[in-house]
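The following exercises concern a complex of protein chains. Please examine the sequence and the structure before working through each task and its solution.

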Amino acid sequence: MLQIISLLVENKPGALMRITGLLSARAYNIESLTVARTLDPELSRMTIVVDVDAALRQQVIKQMNKLVNVLQAVDLTESPAVCREMVLVRVRTVQETRPAVLKEAEIFRARVVDSSTEGFALEATGDPEKLDEFIDVMRSYGEIEITRSGAVAVSLEAKKLKLQPPVFTKVGIEQGVK
Amino acid sequence: MSSLMNGAKMLLECLAREGVDCFFGYPGGVTLPFYDAVYDHHIRHVLVRHEENACFAAEGYARATGKVGVCCATSGPGATNLVTGLVDAMMDSIPIVALTGQVSSKLIGSDAFQEADTFGITRSCTKHNYLVKRLEDLPQVVHEAFYIAASGRPGPVLVDIPKDVFQAQGHYAPVTSIHLPGYKVFTEGHTGQIRRAAQLMWEAERPFVYAGGGIIAADASAELRELVEILDAPAVNTLMGLGGLPANHPNFVSMPGMHGSYAANMGMTHCDVLIALGVRFDDRVTGRLAAFAPHAKVIHVDIDPAEIGKNRAADVPIVGDVKRVLTRLNKVLAETRPERKERVAAARQAWWAKIRAWKAEHPLAPVTSDSEIKPQHLMTEINRLSGGQAIVCSDVGQHQMWAAQFIQFNAPRLWINSGGLGSMGFGLPSAIGAQFARPDKLVFALVGDGGFQMSIPELATIAGYGLPVKIVVMNNGYLGMVRQWQELFYNNRLSAVELDCFPDAEKLAAAYGFKGRTIDKPWELSSALEEAVREPGPYLLNVKVSPFENVYPMVPAGGAINEMVLAPPQPVAVPK
């Protein structure tokens, strides 16, 4: 079953490798992965969708929380969360089907981001299953090309973030640094 | 602010401030600036003969003292040679700081001479690793590395340093604090859970203490002893935990697991409360998990939250430093001692009667022979000379299991072996590290003829530094443990396990300038070992033992630990 993991990570070289390495070492296939800066530019938020055996899900979260660069790893699979994805679709259309394509796009609340004699480029967001449907519908009109962003998720519960305070070295203690 | 210095000197300054008195390494091209600074620095650099052994020696040092062991290698092949040692330290939770040179920053990614992606390669075999791109970052990184290696669940940390960072000039600014907001160290343990654990322990009729390497790492031997005595519970130490409870303590049963004693495994199987302290329910201990301690409620104390519930669900999980948790737990136990002591005492008496009966039924009895040296005989002789006080650095295989069964350790940090990874070639170099750490101690490198031949180059290190390590080769002419499995599970088809050529030990040792001897008669054994121990310098004793002896009891892979094979199934056919 697919697991949605949300991580708050220090924006440091190698941080991504440590997290993906943890999954690849166990031969888990990553379905999607997104990463971008948070309000604090030193931190990144990651959303990973990964196929993990249900019995091992907790273990994966625990191992991620052990990584020095990971501030918080939480499993959003069954907790209240909103999960969204974006897709860009280029669909080739012939003259006759153009109105129908536009109509379908409207039903899925997709926006036209480019239009040419060849066809359209459409942008849609929604939960990943809805995008699957949208893609299926567009396919029925002809040749398409798609790029999906991968899921981004936000928890609807405030998860308390426990950050570790600084530890003073012997020198620090001797100097009375506070 | 200190005077202007280069990165190499700054690194040594950091090591000095961390209290490093010696480290193990091998120089190379990109570490030239570092070794130039090492030349006249007071910290002792020990030149080994292979980088893998630098890491094993650092492990020996760390395991013998509890301090962080330090090793050093050059870029490319030097760094990749460290990998086995790093994984070994990772598996056994040994604090190591590994320093590697890297090609100059500008050359990184250009396939430069002796370039390897050390940072990427060592990601999965370290607790954390760093690539230092700027000299300004070096002190902070090095002090962080030591902090991470030693705190929480200890482990190896690697710092990769490009040549130009060694050469750059700067001032050492003392590091006053370390801020790692995501690095969670759990030490205290939950008060409510500690109370629940105490209650469960007093309710137990058949409590059993399963103590592991965490006891050694946390320096919690005294607390473990107190717990065992308060409860009057039988206790086992795992392979990693030997010496945690002194072997001569009346409550000590022995080692459990695949080659554990009958009493230890039966005790684990029949207990009603299993008190697991600093252990990870390793497959070599538990056997088939579904059948492991089937009647027991489990109290599991570990500093690593990921270990709790990983293999066996805990009824009372306690995340914390086992020393601190036990200190508090022992207090609670003392305060909550039940009023009706007789009930507890009666139950305990019945439980001890069972344990003693199991011990008597199938004791770990030393095997001896009049005509040949039995491996078990060798171990009991080493035990006699050690008196529970010598450091024994073991390699991996049959001799390791016999040593764990028959050599007693009456204190922690005397038994040094590669437990989790099972790295052959570990015994000799780890003895080098242990002897540097504890010059006052009698140190045995107890190795098989296979593992010894993996680490022969280190005889030069031993000779060069005049280390009085006693190298005892248990020589059965085979890769014994692999052969044992081929005999038992592969129709005795002995494939690639015979080591038919072994150097003349006396000549080999003489070639390095110290004494050596080969023996094969049981009546020579004690005097030969005594001679080795009396010798002020190193000694190589090659002990030819009966070649086809196998380790028993044995739990076949996938079996439950109470389904032990106690003796060879039938006389084993000796192949022509």
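**Exercise 1. Determine which strand of chain B is joined to strand 10 of chain A, and in which direction the two run.**

Solution. Step 1: Strand 10 of chain A is joined by 2 bridges to strand 9 (residues 177–178) of chain B. Strands here are DSSP runs of E with at least two residues, helices are runs of H or I with at least four, and both are numbered from the N terminus. Two strands pair if DSSP finds at least two bridges between them.

Step 2: The two strands run antiparallel. Within this arrangement, V167(A) stands opposite I178(B).

Step 3: The model is a predicted one, in which local features need pLDDT of at least 70, side-chain atom pairs count only at pLDDT 80 or more, and totals for chains, interfaces and linings use all residues. Residues are numbered from 1 along each chain as its sequence is written, while chains are lettered from A and ligands numbered from 1 in the order in which they are written.

**Exercise 2. Describe the side of chain A that touches chain B: which elements give two or more residues to it?**

Solution. Step 1: The contact involves 25 residues from chain A and 22 residues from chain B. Two residues are in contact if their C-beta atoms, placed from the backbone, lie within 7 Å.

Step 2: On the side of chain A, two or more residues each come from helix 1 (15–24), helix 2 (57–66), strand 4 (70–75), strand 10 (167–168) and helix 5. Helix 2 of chain A supplies the largest share, 5 residues.

Step 3: By residue type, this side of chain A divides into 11 nonpolar, 10 polar and 4 charged. Ala, Val, Leu, Ile, Met, Phe, Trp, Tyr, Cys and Pro count as nonpolar, Asp, Glu, Lys and Arg as charged, and the others, Gly among them, as polar.

Step 4: For the complex, the predictor gives an ipTM of 0.92 and a pTM of 0.96.

**Exercise 3. Is chain A as compact as a globule or more spread out? Treat chain B likewise.**

Solution. Step 1: Chain A comprises 5 helices and 10 strands. Its radius of gyration is 21 Å, well over the 16 Å that the globule rule gives for 178 residues, so chain A is more spread out than a compact globule. The radius is taken over C-alpha atoms, and the rule is 2.2 Å times the number of residues to the power 0.38.

Step 2: The C-alpha trace of chain A spans about 80 × 35 × 30 Å along its principal axes. Of its 178 residues, 27% are buried. A residue is buried if 20 or more other C-beta atoms lie within 10 Å of its own, exposed if 12 or fewer, and partly exposed in between.

Step 3: Chain B has 22 helices and 21 strands. Its radius of gyration is 25 Å, close to the 25 Å given by the globule rule for 576 residues, so chain B is as compact as a globular protein of that length. Buried residues make up 55% of chain B.

**Exercise 4. Identify the residues that touch the most other members of the largest nonpolar core.**

Solution. Step 1: A nonpolar core is a set of buried Ala, Val, Leu, Ile, Met, Phe, Trp, Tyr and Cys residues joined through C-beta atoms within 7 Å. The largest such core holds 206 residues, and those touching the most other members are A58(B), C71(B), I96(B), V97(B) and L274(B).

Step 2: Helix 3 (residues 51–65) of chain B gives this core its largest share, 8 residues. Another core, of 12 residues, lies apart from it and includes V89(A), L122(A), A124(A) and M138(A).

Step 3: Leaving aside residues up to four places away in sequence, V97(B) touches V68(B), V70(B), A145(B), F146(B), A149(B), V157(B) and V159(B).

**Exercise 5. Locate the backbone features of N492(B), A496(B) and P553(B).**

Solution. Step 1: Most residues other than glycine have a negative phi, and most peptide bonds are trans.

Step 2: N492(B) has a positive phi, near 60°, and lies in the loop between helix 20 (480–489) and helix 21 (505–512) of chain B. N492(B) counts as partly exposed because it has 13 C-beta neighbours inside 10 Å.

Step 3: A496(B) has a positive phi near 55° and is found in the loop between helix 20 and helix 21. With 9 C-beta neighbours inside 10 Å, A496(B) counts as exposed.

Step 4: The peptide bond from Y552(B) to P553(B) is cis, with omega near -5°. P553(B) is placed in the segment after strand 21 (539–544) of chain B.
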